[in-house]
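Subject: Structure handover

Hello,

Here is the structure for you to look over. My notes follow below it.

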Amino acid sequence: MHRVTVTLDDELMGELDRVMAARGYQNRSEAIRDLARAGLRQANIEAGASARCVGVLSYVYDHAARDLARRLTSAFHDHHDLTVSSMHVHLDHDNCLEVSVLKGPTAEVQRFAESVIAERSVRHGEVVLIPADEAHEHGHGEHPHHHHHQDGETG
Ligand code: NI
């Protein structure tokens, strides 16, 4: 435990006391700890949204559904900067399975993946987001390895 001294103006102190009373806190330290945790969670979410990720998007669609294949193709061209690779499998007479590997800012990858999943006649849509730290933003084979990996990872 650490003891910190924080200076609050009357207005903020008053608001804090009101929140404490409304939520039934008996103890100021307890209330401030919980509010700090909530603030940190929010800050982590915001930091995560600009962090980079690799996304694996998979979905099934009926290639005969009116206009859908064309719309999907143009959506992927519009987001070519986020698309690393796509695999297309003709599942059966009507259905196609597509698996796309995406890469970029987490919020953009998520927004694009969700827009594909939300298309009418797209079924079994799922996206898995894998955090990618900047240490991995390098081209293998272009230069000797002078980058840093996390402990325990190999190149
Ligand atoms: Ni197909």
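Which residues make a nonpolar surface patch of about 360 Å²? Val 4, Val 6, Leu 8 and Leu 12 do. Patches are made of residues with over 30% relative accessible area and no salt bridge; like charges are joined within 9 Å, and nonpolar side chains (Val, Leu, Ile, Met, Phe, Trp, Tyr) within 5 Å. A salt bridge here is a side-chain nitrogen of Lys or Arg within 4 Å of a carboxyl oxygen of Asp or Glu. Areas come from the Shrake-Rupley method with a 1.4 Å probe, and for residues only the protein chains shown count as cover.

Before you read on: this is a predicted model, where local features need pLDDT of at least 70, side-chain atom pairs count only at pLDDT 80 or more, and totals for chains, interfaces and linings use all residues. Residues are numbered from 1 along each chain as its sequence is written, and side-chain values use heavy atoms, with hydrogens and water left out.

Leu 8 sits in the segment before helix 1 (10-23). Helices (H or I, at least four residues) and strands (E, at least two) are DSSP runs, numbered from the N terminus. Leu 8 is partly exposed, at 30% relative accessible area. Buried means under 20%, exposed over 50%, and partly exposed in between (1.4 Å probe, protein chains only).

Next, the metal. His 88 (NE2), His 90 (ND1) and Cys 96 (SG) coordinate the nickel ion at 2.0 to 2.3 Å. Donors are N, O and S atoms within 2.8 Å of the metal (3.2 Å for Na, K and Ca); water is not among the atoms, so sites may look incomplete. Along the chain, the donor spacing reads H-x1-H-x5-C. His 88 is partly exposed, at 34%. Cys 96 is buried, at 3%.

Now the rings. There are two aromatic pairs. One of them is Phe 76 with Phe 112, edge-to-face, 5.0 Å centre to centre and 75° between the planes. This pair links distant parts of the chain: Phe 76 is in helix 3 (residues 68-78), Phe 112 in helix 4 (residues 106-117), 36 residues apart. Both are buried. Rings of Phe, Tyr and Trp (its six-membered ring) pair if their centres lie within 6.5 Å; planes under 30 degrees apart are stacked, over 60 edge-to-face, the rest tilted.

Cys 53 is buried, at 2% relative accessibility. Val 127 lies in strand 4 (residues 122-131) and is partly exposed, at 26%. Its C-alpha atom is 8.8 Å from that of Tyr 59, 68 residues away along the chain.

Best wishes
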